[in-house]
Number of protein chains: 2
Amino acid sequence: MKYHHGNLRSELIRCACTLCEEHGHDKISLRGIAKEANVSQTAPYRHFETKESLLAAVAAHGFVEMQKSIDKIIDLSKTNKISKKTLIDAMLAYLDFAISNNNIYEVMFGTVIKDFRNFPDLHDAALEAYSSLKSSIKRYIKLKNDQEYDEKCVKIWAFLHGLVGLNKIEQKLEDVPTTDGSYDMPIDALRAAKNNLVPFMNSSIEALIKS
Amino acid sequence: MKYHHGNLRSELIRCACTLCEEHGHDKISLRGIAKEANVSQTAPYRHFETKESLLAAVAAHGFVEMQKSIDKIIDLSKTNKISKKTLIDAMLAYLDFAISNNNIYEVMFGTVIKDFRNFPDLHDAALEAYSSLKSSIKRYIKLKNDQEYDEKCVKIWAFLHGLVGLNKIEQKLEDVPTTDGSYDMPIDALRAAKNNLVPFMNSSIEALIKS
DNA sequence: GAATTAATGTTTACAGCGTAAACATAGTAC
DNA sequence: GTACTATGTTTACGCTGTAAACATTAATTC
């Protein structure tokens with residue numbers, strides 16, 4: 001084993017992503033990440049000022065990956081109109097990323113990173129991801145001006161982001177039989193939405209765009 | 001000063017709420033809470049098994065308060081129809097609570113508490129809050145069945161919850177002048193939504209209910 | 001009402017954490 | 001080759017959550 005690792009920075013990010021997704025950001029330590037990368041417990045400090053800044057790199061990576069999975073649906077090299085199905089698929093790609101990478105999504109949108117302005121790479125990656133979301137709407141429907149696109153985009157983004165959040169709390173609640181023998185309403189409703197996700201999304205997204 | 005505090009449990013919850021809202025859940029320690037309550041650093045363990053369980057009490061308290069601020073809008077003693085304005089006011093009450101109690105909202109909906117089933121009081125409080133949200137919709141519009149109410153309710157809840165999340169990240173992003181001299185789009189859009197919140201909510205909520 | 005027990009405090013102790021400081025080694029520029 | 005810089009390691013510190021042992025007060029039993 002060489003004294004100098006050669007690629008420690010990116011290896012640390014990789015290890016951090018893995019451990020974060022496996023255990024959650026609040027359960028991982030810099031020391032644990034260093035151990036996973038087979039270096040001493042303070043080696044990360046040659047590449048990251050603080051734990052927060054390593055997690056910022058994790059978040060930035062997350063935004064890039066999330067954008068990729070949206071861009072895979074709406075071919076970025078083109079500018080033609082997309083169908084409603086393609087639009088919904090793009091939104092589903094957002095949800096799919098968020099749910100399959102739940103713990104990293106938490107780092108991207110949670111309170112771990114206090115201010116994106118301290119991490120320019122992260123800041124850029126987040127804006128880039130937003131722009132992918134926006135261009136999917138731009139190519140679906142013709143609106144008056146950019147401001148109007150942004151308004152719809154914020155509405156849809158909020159809706160998607162909210163669904164991710166509710167999905168998390170669904171997992172923390174329990175089915176409790178109510179007095180009439182049926183089961184717990186909010187969970188039932190969330191499950192129903194998930195089991196019929198495409199029509200659920202179709203109606204919601206369409207409504208928000210036209211609102 | 002008495003050896004026995006007399007009301008330490010509720011005093012700890014009170015201190016935890018205060019400190020949490022002031023500094024954020026990830027910046028507060030059991031020791032700090034104990035000091036705030038003027039007891040030894042391990043005294044909380046006579047009332048809470050773990051830090052998580054104290055924070056669960058904070059979250060439960062949050063759900064109760066949130067429900068109260070919704071119920072204040074839609075008088076619970078009545079069952080009559082409510083106007084659209086009242087409905088929107090109830091939704092605004094949700095947002096207002098979430099934003100004025102941002103750090104506690106984070107405890108309620110974040111990853112701090114792993115499973116509500118371990119904290120029956122919290123579990124109940126969360127379901128109660130949901131039921132207030134639902135009854136506001138029930139009294140606004142007549143729908144086919146309970147399932148349909150739940151569907152609309154989930155959509156609206158997701159939207160509200162998502163807006164709270166976006167509001168957080170807006171604060172972490174920076175206004176960066178773009179090439180054409182205008183400012184950063186997602187932030188602009190989020191600010192525009194906040195500055196025109198009532199029409200923004202009117203159109204969105206109406207659209208989701210009818211979707 | 002005294003003795004016992006349960007509830008609720010304190011003190012002490014420990015391992016794990018983020019990170020600062022001092023030191024070691026390897027690669028780079030002259 | 002010598003100096004410098006980048007990137008590793010070792011050691012150390014104060015803070016954390018929490019377990020264990022002990023102290024004090026309140027409640028229960030006789």
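Visitor: How many residues does the contact take from chain A and from chain B?

Guide: In this predicted model, chain A gives 44 residues to the contact and chain B gives 44 residues.

Visitor: Which helices of chain A supply at least two residues each to the side that touches chain B?

Guide: They are α5, α6 (120–138), α7 (146–170), α8 (185–195) and α9 of chain A. The largest share, 15 residues, comes from α7(A).

Visitor: And what is that side of chain A like by class?

Guide: It has 23 nonpolar, 10 polar and 11 charged residues.

Visitor: Let us look at α9. How do α9(A) and α9(B) cross?

Guide: The axes of the two helices, residues 197–210 in chain A and residues 197–210 in chain B, come within 8 Å and cross at roughly 145°. The crossing of α9(A) with α9(B) is right-handed.

Visitor: Which residues meet there?

Guide: From α9(A), Ser204(A), Ala207(A), Leu208(A) and Lys210(A) meet Ser204(B), Ala207(B), Leu208(B) and Lys210(B) of α9(B). These residues divide into four nonpolar, two polar and two charged.

Visitor: Now a change of topic: how many residues has α1 of chain A, and how far does the helix reach?

Guide: Helix α1(A), residues 8–23, has 16 residues. From first C-alpha to last, α1(A) reaches 22 Å, close to the 22 Å expected at 1.5 Å a residue.

Visitor: Which of its residues are buried?

Guide: The buried residues of α1(A) include Leu12(A), Ile13(A), Cys15(A) and Ala16(A). Cys17(A), Leu19(A), Cys20(A) and Glu21(A) are buried too.

Visitor: What do the buried residues pack against?

Guide: They pack against α2 (30–36), α3 (51–71) and α5 (102–109) of chain A.

Visitor: What follows α1(A)?

Guide: Gly24(A) follows, with a positive phi near 95°.

Methods
Residues are numbered from 1 along each chain as its sequence is written. Chains are lettered from A and ligands numbered from 1 in the order in which they are written. This is a predicted model: local features need pLDDT of at least 70, side-chain atom pairs count only at pLDDT 80 or more; totals for chains, interfaces and linings use all residues. Axes are lines fitted to C-alpha atoms, for helices over the stretch in contact, and angles run from 0 to 180 degrees between N-to-C directions. Helices (H or I, at least four residues) and strands (E, at least two) are DSSP runs, numbered from the N terminus. A crossing is left-handed if the near helix is turned anticlockwise from the far one by less than a right angle, and right-handed if clockwise. Two residues are in contact if their C-beta atoms, placed from the backbone, lie within 7 Å. Ala, Val, Leu, Ile, Met, Phe, Trp, Tyr, Cys and Pro count as nonpolar, Asp, Glu, Lys and Arg as charged, and the others, Gly among them, as polar. The expected span of a helix is 1.5 Å times one less than its number of residues. A residue is buried if 20 or more other C-beta atoms lie within 10 Å of its own, exposed if 12 or fewer, and partly exposed in between; C-beta atoms are placed from the backbone.
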